[in-house]
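Q: I'm new to this one and would like to go through it with you. Could you show it to me before I start asking?

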Amino acid sequence: MKAVKGWRLCGTSYMQSLPGARHHRAPTTTRKPVWIIMAVVSLITMFVIGGYVFPHHRRAACYLFSSKGCKGLTDWLPPSPRELSDDEVAARVVIREILSSPRVIKKTSKIAFMFLTPGTLPFEKLWDLFFQGHEGKFSVYIHASKDTPVHTSRYFLNREIRSDEVVWGRISMIDAERRLLTSALRDPENQQFVLLSDSCVPLRSFDYMYNYMMYSNVSNVDCFDDPGPHGIGRHMDHMLPEIPKEDFRKGSQWFSMTRQHAVMTMADSLYYSKFRDYCGPGVESNKNCIADEHYLPTFFYMLDPGGIANWTLTYVDWSEGKWHPRTFMPEDVSHELLKNLTSIDAVSRVTSEGTGIVTWTQCMWNGIKRPCYLFGRKFHADALDKLMDLFPMYTSGFD
């Protein structure tokens with residue numbers, strides 16, 4: 001029989017496993033000096049760890065490991081963990097305690113509808129139809145920054161809170177949101193908190209909305225990474241070290257959050273102060289940091305990223321590419337429009353770098369794919385009559 005060269009499998013010759021194959025003694029091989037290799041690896045490892053734990057003081061020593069010198073070595077090594085300040089440690093302890101408290105949902109639990117408006121709410125009549133028959137399951141709070149509202153619905157009477165001037169893009173917008181949260185938190189039955197504007201309208205029935213928000217396992221705070229000039233490019237060095245540039249996030253200001261997250265937001269002073277002092281139009285040349293687009297997304301990304309859905313429940317159309325979203329006029333409002341808005345099940349984001357990179361996020365509710373939006377804006381005040389005519393569809397056709 002002609003000899004067949006064997007294949008080595010797990011230390012045994014393949015030829016030796018064949019029936020009838022002639023057995024040949026394997027040639028003796030010289031054993032590799034494994035101990036030498038292990039010693040060299042151990043020595044290098046020791047030097048690297050030593051250089052990381054005990055930083056080098058002489059630049060010449062750096063070139064032993066890298067032709068780029070110390071910079072090349074430090075770029076290759078993992079970053080040294082920064083020691084947190086007393087304020088950061090205290091903030092994390094408080095937030096951990098807040099988040100560890102269990103959610104308590106009862107038959108008496110309510111959703112706080114918080115309206116941020118300059119004056120009269122043009123869609124009160126529509127909201128009145130939305131709220132009818134659900135007394136005891138909601139509460140209303142109004143922050144009117146300019147004029148005293150004139151009400152057409154009993155649900156909005158005497159619901160104004162202490163208000164102050166609000167300037168777009170500045171910290172006063174966050175201050176107004178915090179006033180609304182403070183007022184709504186005074187009622188222990190409020191378990192969900194949704195921020196709405198004067199141009200917002202409901203897109204679903206009350207029952208659908210209540211169950212969606214009340215039994216969601218996350219808060220709907222919008223949050224995404226925009227590496228462009230209108231995203232991370234707005235980060236200020238003065239925010240360091242508490243707010244690293246790589247953690248700076250962007251998102252819509254219109255949120256829905258749990259009571260724990262509302263308390264957590266109100267307990268914050270450290271991160272809020274960074275945005276109060278260093279985030280605003282013209283704080284630094286060529287940087288227009290918009291506080292309401294960055295504070296909450298950054299805050300929750302840093303401290304409870306798993307507790308938010310990363311998208312808002314309020315639909316806004318940014319397709320026109322302007323500083324402010326599209327306004328839906330009366331001629332735009334139709335059954336088809338509302339049907340389209342309530343069937344959207346993924347959120348698109350466009351970054352501000354170059355021509356813009358589009359990313360998509362699927363909308364999930366407790367692990368189940370669901371449509372994204374419960375509310376819509378911006379609707380022109382003259383669209384009220386059309387929306388009132390189409391209102392029956394909120395309770396039948398779209399749920």
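Q: Which residue in S17 stands opposite Thr314?
A: In this predicted model, Thr314 has Phe375 of strand S17 opposite it.

Q: And how do S12 and S17 run, and how many bridges join them?
A: They run parallel, and two bridges join S12 to S17, the strand made of residues 375–376.

Q: What sheet do they belong to, and in what order do the strands come?
A: They are part of an open sheet of three strands with mixed pairing, in which the order is S6-S17-S12. Strand S6 (201–202) and strand S12 (314–315) are at the edges, and since each has a single partner strand, one side of each is left without a neighbour in the sheet.

Q: Changing topic, how many salt bridges does the structure hold?
A: There are 14 salt bridges. In general terms, side chains of opposite charge can pair when their charged atoms come close.

Q: Ok, which side chain does Glu189 meet in a salt bridge?
A: Glu189 meets the side chain of Lys106, with 3.8 Å from N to O. This pair links distant parts of the chain, 83 residues apart, for Glu189 sits in the loop between helix H6 (171–185) and strand S5 (190–197), while Lys106 sits in the loop between helix H4 (86–100) and strand S3 (110–117).

Q: How accessible is Lys106, then?
A: Lys106 has a relative accessibility of 43%, so it counts as partly exposed, and Glu189, at 24%, also counts as partly exposed.

Q: What about Arg179, which partner does its side chain meet?
A: The side chain of Arg179 forms a salt bridge with that of Asp164, at 3.9 Å from N to O. Arg179 belongs to helix H6, whereas Asp164 lies in the loop between strand S4 (138–144) and H6, 15 residues apart from it.

Q: Is Arg179 buried or exposed?
A: Arg179 counts as buried, because its relative accessibility is 17% and the cut-off for buried is under 20%.

Q: Which residues are linked in a network of salt bridges?
A: That network links Asp317, Arg326 and Asp332.

Q: Something else now: where is Ser352, and what polar contact does its side chain make?
A: Ser352 is placed in the loop between strand S13 (346–350) and strand S14 (358–362), and it counts as buried at 16% relative accessibility. Its side chain makes a polar contact with the side chain of Asp226 at 3.0 Å, and a polar atom of that Ser352 side chain lies 2.9 Å from the backbone nitrogen of His230.

Q: Which residues is Ser352 in contact with, leaving aside neighbours within four places in sequence?
A: With those left aside, Ser352 is in contact with Asp226, Gly228, Pro229, His230 and Gly231.

Terms used: Residues are numbered from 1 along each chain as its sequence is written. This is a predicted model: local features need pLDDT of at least 70, side-chain atom pairs count only at pLDDT 80 or more; totals for chains, interfaces and linings use all residues. Side-chain values use heavy atoms; hydrogens and water are left out. Two strands pair if DSSP finds at least two bridges between them. Helices (H or I, at least four residues) and strands (E, at least two) are DSSP runs, numbered from the N terminus. A salt bridge is a side-chain nitrogen of Lys or Arg within 4 Å of a carboxyl oxygen of Asp or Glu. Buried means under 20% relative accessible area, exposed over 50%, partly exposed in between (1.4 Å probe, protein chains only). A polar contact is a pair of N or O atoms within 3.5 Å; within protein, one must be able to donate a hydrogen and the other to accept it, and residues adjacent in sequence count only if both atoms are side-chain atoms. Contact means heavy atoms within 4.5 Å.
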